[in-house]
Amino acid sequence: MSGTQSEFPIDLKQYKKISLDPSKPQLTDDQRATLKANIQLLRDVIVLFTATGAARGVSGHTGGAYDTVPEVCILLSLIEGSPDKYKDILFDEAGHRVATQYLLAALEGSLPAEHLLHYREANSKLPGHPELGLTPGVKFSSGRLGHIWPLVNGIAMANREKTVFCLGSDGSQQEGNDAEAARLAVAQNLNIKLFIDDNDVTIAGHPSEYLKGFEVGKTLEGHGLKVVTVDGEDIDALWGGIASIVSYSGPAAVISKRKMAPGIAEIEGSPHGHDVIPVKAAIKYLEGRGYANFGEILLNIKPVPQPYLYIGCTKEVGANRVVFGEAVNGVLDRLGKEEAAKKVMVIDSDLEGSTGLKVIHQKHPEVFVPSGIMERGNFSAAAGFGFDADKFGVFSTFSAFLEMLVSEITMARLNNCNVLSHFSHAGVDEMADNTCHFGINNMFADNGLSDVESFLYFPADALQMTAVIERVFFERGLRFVFSTRSKVPYILKPDSQTKFFGDDYKFVPGKDEIIVDGKAGYVVSFGDMLHRSYDAVLRCRQAGLDVGLINKPTLNIVDEQMIMKIGQSPFVLVVESFNQKTGLGSRYGTWLLERQLTPKFGYMGTTKEGSGGLWEQIPHQNLDPQAIIVKIKALAQAAAVSH
């Protein structure tokens, strides 16, 4: 970090511990004044250190953690008053609110406060979601939205003598896991207390608009929980509500109604508050709070540029995840609006701006269904729409969430449904959210039997993405298309400035593609690893090693001609950003042996938890071109020795 601080510029020692007793639901003047001062202090701290994520270009989340500070201060005061009564972990089912956990780690002294200014920086051990065992003072891994409450039920079962706290949100409560968790908590009368930040804001908008009829309080009451709804910014009402549910024996929830990021003018009540606060907005807020010189701290932090210059591809980059939506629009443009609405349904899971669906929403609202954070139900709805032979469902979310959908994918396959699924954020590149958001088990989608074909596609650049969608949009059955969070360059033809997937290119499902031919052995790659593999191959060729490169855009279908060709070469190396245990490489060796092909074989994929940051994730996994070159040379040498 440029201009590293030797100490944190806000003194956390100003935080005053107090004890609260739920049998006394009225605050004294001293308690109220101390709580208000603590809340303001911690909110200022969250604005400052999360804004460093905006400054260094790694994004982040300010509003959710900022919102729940009143609940956090009260819960800490309860634990302070009776440490034996409460499990001393503030579980949170909205992992993007990780700023809360880092702040708690700093307050208890596990993390130096000045380290907070490295929020989401690569190798800072402060990634975008809490990870147990990585960050000092972090007491749990949140995983994905709505996944903690079911786990916390088990913690409550193991600690029946204690009350267990779990922070929630109106977004995470949309996940189906929470309905199951609610039923179990009520059936077992678990002493679990939920604190739901109901700010009516998620990534894509306002649940009250896109998910009419859903109310967190009514839903939880329907399951049998005791529910108290309060104004989350009225400290007396909030304490009264918390005292009430903590005194109650059994599962209960306080629903805190508030605007997102109250008191931060630029983002209050807006979906922008869900994300990281912009640097200018943070400086304005902090100056308004009397912190005159903090702008200098934030303006001195700069993004760390990716230092490597690739060969074999353009400097120009394209966002495949956005191009997916543009390519779908290209198909829909050729239909009349009435025909499109009859034939196609595109359903969102609160990520339209991240997965390319936003452009479809804007240009073809007649096919678009905004929906909530309900991936299983939304995928199945897309499948059901595509139950008729001439209708087609389109579904999209992050690749990490594909793991949640395996059973629904099977259901869609058994019913011969037509679904085109776009899973963005595949692999690990630019994943500041880190390990729980890695999209590395995408091959799980290929879970049918051998007598039913479904297709997994991972285009290498924006031109190939367009070609894939044009070709497969109206094909029947299940089709899966993957893209990365990061932008990718355009692949060039060898010794040329012509784009490989240009006007003369036609995509053929199931066919592998020779990017460059070679006699010494072949690298097989796809998606975001193709340009990295190409760079490595070209540098090896410059050094006199005649290596070839194969693009495998259809991941799960064997191209018999191509495998016979490369399988008879001295070596084959599969390079991918998927999980090395479950990716293409874990199958490819079997495919070779089944055909009595025995080249020297190697495969490279993601093998370890993330480093945080953006481009740094690739070298952290030893998937950068230099690491690929080392592996190519080792295989070439092994092949030469055995020959």
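This is a predicted model: local features need pLDDT of at least 70, side-chain atom pairs count only at pLDDT 80 or more; totals for chains, interfaces and linings use all residues.
View 1. Two strands are said to pair if DSSP finds at least two bridges between them; helices (H or I, at least four residues) and strands (E, at least two) are DSSP runs, numbered from the N terminus. Residues are numbered from 1 along each chain as its sequence is written, side-chain values use heavy atoms, with hydrogens and water left out. Local features need pLDDT of at least 70 and side-chain atom pairs count only at pLDDT 80 or more, whereas totals for chains, interfaces and linings use all residues.

**View 2. The two faces of strand β3.** Seven of the seven residues of β3 are buried, where buried means under 20% relative accessible area, exposed over 50%, and partly exposed in between (1.4 Å probe, protein chains only). In a regular strand the side chains alternate between the two faces of the sheet. Ile192, Leu194, Ile196 and Asp198 point one way from β3, and Lys193, Phe195 and Asp197 point the other way. β3 also pairs with strand β2 (residues 163–169), in the parallel sense and over six bridges. In that pairing, Gly168 stands opposite Ile196 in β3.

**View 3. The five-stranded sheet.** The open sheet is built from five strands in the order β1-β2-β3-β5-β4, with parallel pairing. Its edge strands, β1 (86–92) and β4 (226–231), each pair on one side only. Neighbouring strands are turned by 15 degrees against each other on average, direction ignored; the axes are lines fitted to C-alpha atoms, for helices over the stretch in contact, and angles run from 0 to 180 degrees between N-to-C directions.

View 4. Ser270 lies in the loop between β5 and α10 (279–288). This serine, Ser270, is buried because its relative accessible area is 13%. The side chain of Ser270 reaches the backbone nitrogen of His272 at 2.8 Å. Such a polar contact is a pair of N or O atoms within 3.5 Å; within protein, one must be able to donate a hydrogen and the other to accept it, and residues adjacent in sequence count only if both atoms are side-chain atoms. Not counting residues up to four places away in sequence, Ser270 touches Val201 and Met260, contact meaning heavy atoms within 4.5 Å.
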